[in-house]
Amino acid sequence: MSGCDHPGLLPMEAVLERLLALADAAPIEQVEQIVLAEADGRVLAEPLIAALDLPPWANSAMDGYALRLADCSGQALPISQRIQAGTAPTPLEPGTCARIFTGAPLPEGADTVEMQENVELDEAGRVHFREPLKVGQNVRAQGQETRSGECVLPAGTRLGPIELGLAASLGAARLSVRRRLRVAVLSTGDELVEPGQALGPGQIYNSNRRLLIAWLQRLGCSVVDAGILPDDLQRTRAALGALGEVDLILSTGGVSVGEADFLGIALREAGELALWKLAIKPGKPLTFGHYQGVPVIGLPGNPASTLVTFGLLARPYMLRRLGVQRVEPLGFAVPAGFTWAKPGMRREYLRARLEHGRVVPYANQSSGVLRSAAWAEGLAEVMEGSTLAEGDMLRFIPLSEILG
């Protein structure tokens with residue numbers, strides 16, 4: 001059973017498809033040249049092309065002895081030179097071997113390396129090879145990792161420690177990346193108070209703002225913090241007008257059509273908004289539209305709903321605008337450590353962790369309970385219209401897949 005079987009509810013796949021199509025239509029095209037030290041988390045704007053072979057020359061994978069296999073017919077070989085990493089060897093003298101260390105260039109004429117544990121040295125300092133040898137053993141061939149001119153990382157790659165290390169190994173000191181996505185974060189409602197202030201009657205501390213700002217910074221965004229907008233139309237208009245140039249307006253609490261929803265009113269005055277009802281739980285209401293040409297995403301206000309919809313929908317949208325193609329989080333099948341007797345109308349994302357190789361959900365799955373996510377290690381996906389017995393397989397999405 002899909003969300004399409006319930007009037008007004010959109011299935012997860014349809015919503016994500018819409019968002020990615022909208023992202024493809026509004027790419028971030030500006031490019032910056034930055035040094036490697038500043039490139040963590042950024043997105044490549046141009047392919048990384050190898051400027052040299054890697055490794056640039058054949059080298060030894062072991063501490064041992066380099067030789068020409070044809071010279072080894074059972075007799076001991078004298079040592080003609082000693083080759084350390086960072087030195088240039090001379091051609092190998094026929095009928096000899098070279099003492100060589102890991103990473104050192106193979107001398108011209110050598111085609112094999114034997115590790116030092118498999119040899120014996122006699123009193124004359126000659127090397128006896130005790131094990132059968134084969135050509136090319138323990139040799140890292142020139143260009144075995146990549147060849148000059150080869151595309152090593154395509155445009156749209158999100159850079160992390162591994163990618164930066166690879167770029168450094170090719171001698172790239174600077175990279176072309178998409179400029180940062182500029183995101184304005186809005187919270188609305190007189191009921192919200194910032195931590196450190198005293199709570200008044202009916203007020204709560206604003207957790208979503210801190211959650212989203214930290215998350216956006218991890219994603220490499222430039223954040224415009226608009227703070228908490230009061231329930232006042234004029235002041236809301238003024239706050240929107242002061243945002244400056246941004247690529248996305250991100251709000252929490254939903255942008256509904258109620259007469260007291262001043263953010264929704266102000267946004268619609270200079271744009272358009274559509275309310276999508278998602279066939280997921282938590283996170284049923286989601287708003288998308290534009291304000292003065294700037295895309296707007298309105299997330300539901302309950303913290304767990306914000307977590308799920310931002311991680312599974314808003315985050316992929318933002319990454320796609322930067323040119324990243326693979327934006328959906330990886331998940332893997334794990335046996336359930338619980339039962340699910342009543343099939344639901346909506347797909348549910350349970351805050352859960354792994355215990356003894358099985359998925360166990362937090363006891364309280366209320367959308368207002370952020371503690372469930374602090375306890376959890378990921379999201380367990382229970383498909384709409386399905387039941388589960390212990391041991392049945394379901395998809396588990398680690399939080400590490402969506403938080404970075």
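Domain bounds here come from an automatic or database domain assignment. This is a predicted model, in which local features need pLDDT of at least 70, side-chain atom pairs count only at pLDDT 80 or more, and totals for chains, interfaces and linings use all residues. Residues are numbered from 1 along each chain as its sequence is written, and side-chain values use heavy atoms, with hydrogens and water left out.

Q: Which domains does the assignment give for the protein?
A: The assignment gives domain 1 (12–30 + 179–322), domain 2 (34–53 + 145–178), domain 3 (59–140) and domain 4 (332–401). Between the C-alpha centres of domain 2 and domain 3 there are 35 Å.

Q: What makes a set of residues a nonpolar core?
A: The members are buried Ala, Val, Leu, Ile, Met, Phe, Trp, Tyr and Cys residues, joined through side-chain atoms within 4.5 Å. Buried means under 20% relative accessible area, exposed means over 50%, and partly exposed lies in between (1.4 Å probe, protein chains only). The largest nonpolar core has 46 residues, of which Leu286, Ile297, Phe310 and Met318 touch the most other members. At least two residues each come from several elements, including α1 (12–24), α3 (207–218) and α6 (303–321). Helices (H or I, at least four residues) and strands (E, at least two) are DSSP runs, numbered from the N terminus. The largest share of this core, nine residues, belongs to α6.

Q: Why is this core said to lie between domain 1 and domain 4?
A: Both domain 1 (12–30 + 179–322) and domain 4 (332–401) give residues to this core, so it lies between them.

Q: Why is α1 called roughly parallel to α6?
A: The angle between α1 and α6 is about 25°, and their axes are 8 Å apart. Axes are lines fitted to C-alpha atoms, for helices over the stretch in contact, and angles run from 0 to 180 degrees between N-to-C directions. Angles under 35 degrees count as roughly parallel, over 145 as roughly antiparallel, 65 to 115 as roughly perpendicular and the rest as oblique. The angle of about 25° therefore makes α1 roughly parallel to α6.

Q: What makes α3 roughly parallel to α6?
A: The axes of α3 and α6 cross at roughly 30° and come within 11 Å. That crossing makes α3 roughly parallel to α6. On the α3 side the contact includes Leu212, Trp215 and Leu216, and on the α6 side Phe310 and Met318. Contact means heavy atoms within 4.5 Å. Phe310 also touches, among others, Leu250, Leu299 and Arg315.

Q: How do you know that Arg42 is buried?
A: Arg42 has 6% relative accessibility, so it counts as buried. Arg42 lies in the loop between β1 (31–35) and β2 (48–49). Leaving aside neighbours within four places in sequence, its contacts include Glu32, Thr157, Leu159 and Arg180.

Q: Why is Gln137 called buried?
A: The relative accessible area of Gln137 is 14%, so Gln137 is buried. Gln137 is in the loop between β9 (127–129) and β10 (139–140). Thr112 is 25 residues from Gln137 in sequence, but the two are 5.5 Å apart in space, C-alpha to C-alpha. Gln137 touches Thr112, Val113, Glu114 and Pro132, not counting residues up to four places away in sequence.

Q: Is Ala214 buried, exposed or partly exposed, and what makes it so?
A: At 35% relative accessibility, Ala214 counts as partly exposed. Ala214 is placed in helix α3.
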